[in-house]
Amino acid sequence: MAGEFRIAKQSITDAMETAEAENSMSTEAMGRALLTELLAQLSKENSPATLKDMVEYQLENLGSDSFVVTRGC
């Protein structure tokens with residue numbers, strides 16, 4: 001999943017940089033928009049309870065994720 005995280009991180013960085021550069025946007029509103037759209041997308045295949053569990057898990061583990069890529073081993 002390393003590629004997925006790289007793409008997700010770049011997408012967020014691009015959106016936040018756009019919000020910073022545009023006078024009519026704010027990074028706070030952009031963050032809420034990204035979260036809203038992500039939840040809407042995930043809700044197509046997950047129940048509200050599952051989404052809540054996902055969000056709670058991520059909040060509890062912020063900053064503790066460390067990804068190890070072991071391809072071809």
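Mentor: From the N terminus on, the elements of the chain run α-α-α. There are three helices and zero strands; helices (H or I, at least four residues) and strands (E, at least two) are DSSP runs, numbered from the N terminus. This is a predicted model, in which local features need pLDDT of at least 70 and side-chain atom pairs count only at pLDDT 80 or more, whereas totals for chains, interfaces and linings use all residues. Residues are numbered from 1 along each chain as its sequence is written, and side-chain values use heavy atoms, with hydrogens and water left out.

Trainee: How many salt bridges does the count come to?

Mentor: Side chains of opposite charge can pair when their charged atoms come close. The rule requires a side-chain nitrogen of Lys or Arg within 4 Å of a carboxyl oxygen of Asp or Glu. The count comes to one salt bridge. Glu 28 pairs with Arg 32, and their closest N and O atoms are 2.9 Å apart.

Trainee: In which helix do Glu 28 and Arg 32 both lie?

Mentor: Both belong to helix H2 (residues 27-42), where they are four residues apart, about one turn of the helix.

Trainee: Is Glu 28 buried or exposed?

Mentor: Buried means under 20% relative accessible area, exposed over 50%, and partly exposed in between (1.4 Å probe, protein chains only). Glu 28 has 57% relative accessibility, so Glu 28 counts as exposed. Arg 32, at 48%, is partly exposed. Across the chain of 73 residues, buried residues make up 7%.

Trainee: Which residues make the nonpolar surface patch?

Mentor: Patches are made of residues with over 30% relative accessible area and no salt bridge; like charges are joined within 9 Å, and nonpolar side chains (Val, Leu, Ile, Met, Phe, Trp, Tyr) within 5 Å. Here Met 54, Val 55, Leu 59 and Leu 62 make a patch of about 380 Å². Met 54 is in helix H3 (residues 48-60) and is partly exposed at 32% relative accessibility.

Trainee: At what angle do H1 and H2 pack?

Mentor: Axes are lines fitted to C-alpha atoms, for helices over the stretch in contact, and angles run from 0 to 180 degrees between N-to-C directions. Helix H1 (residues 2-21) packs with H2 at about 145°, the axes being 8 Å apart. By contact (heavy atoms within 4.5 Å), Ile 12, Ala 15, Met 16, Ala 19 and Glu 20 in H1 meet Thr 27, Met 30, Gly 31 and Leu 34 in H2.

Conventions
Areas by Shrake-Rupley, 256 points an atom, 1.4 Å probe, with all protein chains shown as cover.
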